[in-house]
Amino acid sequence: MARNGIFHVAGGALAVVAGLLATSSPRARAEEGPRVIVITAKRFEFSPKEITLKKGETVRLQLKSEDVTHGFFLRPLGIDTDIPAGQTAEVTVTPQEVGRYRAICDHFCGAGHGGMKMTIVVEEATGSAGGK
Ligand SMILES: [Cu+2]
């Protein structure tokens with residue numbers, strides 16, 4: 001019993017290390033870093049309500065809760081995180097498909113929870129600055 005417990009812990013630690021290595025891949029542009037977009041969550045809306053990303057561009061989303069715990073769920077972009085009450089959660093995303101996506105709060109936060117959502121637009125990457 002005790003041995004099984006030890007092996008289980010060791011396996012978990014290895015998984016964490018592997019995850020850290022994967023996220024600090026050397027081909028990341030460490031010197032400039034990804035563009036940061038701040039999104040504020042509060043009952044019952046995200047602000048801004050819409051952001052525009054470029055296909056293939058890595059961005060870091062800083063998700064700030066101004067009140068209670070919210071969620072941020074956008075399956076096509078692989079985003080599924082909680083935003084703890086009063087804190088900031090960060091997710092890094094590199095969209096690969098052009099489109100309009102709807103992110104929703106998937107952590108029940110009160111009466112208006114069902115309508116809490118925002119739009120993420122992914123555009124074809126071009127040389128010119130068409131967005132914000
Ligand atoms: Cu909610």
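A contact means that heavy atoms lie within 4.5 Å. This briefing uses that term to describe a predicted model, in which local features need pLDDT of at least 70, side-chain atom pairs count only at pLDDT 80 or more, and totals for chains, interfaces and linings use all residues. Residues are numbered from 1 along each chain as its sequence is written, and side-chain values use heavy atoms, with hydrogens and water left out.

**Confidence in the model**

- The pLDDT is the predictor's confidence in each residue, from 0 to 100.
- The chain has a mean pLDDT of 83, and 72% of its residues reach 70 or more.
- Over residues 9-22 the pLDDT stays under 50, and the model has 0 contacts there beyond four places in sequence.
- Where pLDDT is low, the predicted coordinates should not be read in detail.

**Overall architecture**

- Helices (H or I, at least four residues) and strands (E, at least two) are DSSP runs, numbered from the N terminus.
- Read from the N terminus, the order of elements is α-β-β-β-β-β-β-β-β-β.
- Of the contacts in the chain with a separation of 6 or more, 64% are between residues 24 or more positions apart.
- A residue is called buried under 20% relative accessible area, exposed over 50%, and partly exposed in between (1.4 Å probe, protein chains only).
- The chain has 132 residues, and buried residues make up 30% of them.
- The chain exposes about 8500 Å², of which carbon and sulfur atoms supply 55%; accessible areas come from the Shrake-Rupley method with a 1.4 Å probe, and for residues only the protein chains shown count as cover.

**The nonpolar core**

- A nonpolar core is a set of buried Ala, Val, Leu, Ile, Met, Phe, Trp, Tyr and Cys residues joined through side-chain atoms within 4.5 Å.
- The largest such core has 24 residues, and I39, F46, L61, F72 and I120 have the most contacts inside it.
- At least two residues of this core come from each of β1 (35-42), β3, β4, β5 (70-74), β6 (79-83), β7 (88-93), β8 (99-104) and β9.
- In soluble globular proteins, nonpolar side chains tend to be buried together.

**V59 and V93**

- V59 lies in strand β4, and V93 lies in strand β7.
- V59 is buried because its relative accessible area is 0%; V93 also counts as buried, because its relative accessibility is 5%.
- Leaving out residues up to four places away in sequence, V93 touches L53, E57, T58, V59, L61, L77 and I79.
- With the same exclusion, V59 touches P34, R35, I37, L53, V91, T92 and V93.
- V59 and V91 are 32 residues apart along the chain, and their C-alpha atoms are separated by 8.4 Å.

- K55 lies in the loop between β3 (50-54) and β4 (59-65), and K55 counts as partly exposed because its relative accessibility is 32%.
- Beyond four places in sequence, the residues that K55 touches include P95, V98 and V122.
- T119 is placed in strand β9 (residues 117-123), and T119 counts as buried because its relative accessibility is 17%.

**Cis peptide bonds**

- Most peptide bonds are trans.
- A cis peptide bond joins R43 and F44, with omega about -5 degrees; F44 is found in the loop between β1 and β2 (45-47).
- A cis peptide bond also joins S47 and P48, with omega about 0 degrees; P48 is in the loop between β2 and β3.
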